[in-house]
Amino acid sequence: MDTSMWLALVSIAIGTYLLRLLPYIWMKRSLARKQAEDGIGAMPTWLTILGPTMIAAMFGTSLVPHHPDILSWLTTGVGILVTFGVWTRTRSMGLPILCGVVAFGIMTLLLPV
C-alpha cells in the first residue's frame, strides 16, 4: 500500500478511538466532580444514545452494495435475512453476525457479482 492509504487508515483508527475515548474521559471527570460535591451525577441523554447511533450509521451505510446491481442486492438480502434469522433464535450479537457474513461470502462465491 502507498503512503496515502496508510495515512487514511491511521486517521480512521485514531478518529474511531477518539470517538470512544473522549466521551468516556469527559463523563468520568464529570461524575468524579459530582461525587466530590456530594451530588449524584447522572449520565446525559446524548451520551447514552451515542453508541447505538454510531452503530446504526455504520449499519445503514454497510447495507448498500458497492455495485448496485440485482445480484449484489440479492447477496446483501441473503446476508441480512440470515443475520436476522439467527438473531431471532439466539438473541446474541456474535453468532448472527458471523452467520450473516458467512452467508454473504458464500453467495458472493456462488454468484458472479
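Among contacts in the chain (heavy atoms within 4.5 Å) between residues at least 6 apart in sequence, 38% join residues at least 24 apart. This is a predicted model, in which local features need pLDDT of at least 70 and side-chain atom pairs count only at pLDDT 80 or more, while totals for chains, interfaces and linings use all residues. Residues are numbered from 1 along each chain as its sequence is written, and side-chain values use heavy atoms, with hydrogens and water left out.

**Overall form**

- The chain contains four helices and zero strands; helices (H or I, at least four residues) and strands (E, at least two) are DSSP runs, numbered from the N terminus.
- Read from the N terminus, the order of elements is α-α-α-α.
- The chain is more spread out than a compact globule, because its radius of gyration is 20 Å, well over the 13 Å that the globule rule gives for 113 residues.
- That radius is taken over C-alpha atoms, and the globule rule is 2.2 Å times the number of residues to the power 0.38.
- The C-alpha trace spans about 65 × 45 × 20 Å along its principal axes.

**Surface and charge**

- Of the 113 residues, 13% count as buried, where buried means under 20% relative accessible area, exposed over 50%, and partly exposed in between (1.4 Å probe, protein chains only).

**Confidence**

- The mean pLDDT (the predictor's confidence in each residue, from 0 to 100) is 85 for the chain, and 94% of the residues reach 70 or more.
- Confidence is lowest in helix H2 (residues 45-63), at a mean of 79, and highest in helix H3 (residues 70-90), at 93.

**Helix H2**

- Ala-57 belongs to helix H2 and counts as partly exposed, at 45% relative accessibility.
- Ala-57 and Ala-103 are 46 residues apart in sequence, and their C-alpha atoms are 22 Å apart in space.

- Thr-90 lies in helix H3 and is partly exposed, with a relative accessible area of 36%.
- Leaving aside residues up to four places away in sequence, Thr-90 touches Leu-95 and Pro-96.
- Thr-90 and Ser-62 are 28 residues apart along the chain, with 23 Å between their C-alpha atoms.
- Arg-91 is placed in the loop between H3 and helix H4 (94-110).
- The relative accessible area of Arg-91 is 55%, so Arg-91 is exposed.
- The phi angle of Arg-91 is near 55°, a positive value in a residue other than glycine.
- Ile-97, in helix H4, is partly exposed at 48% relative accessibility.
- Ile-97 and Thr-45 are 52 residues apart along the chain, and their C-alpha atoms are separated by 28 Å.
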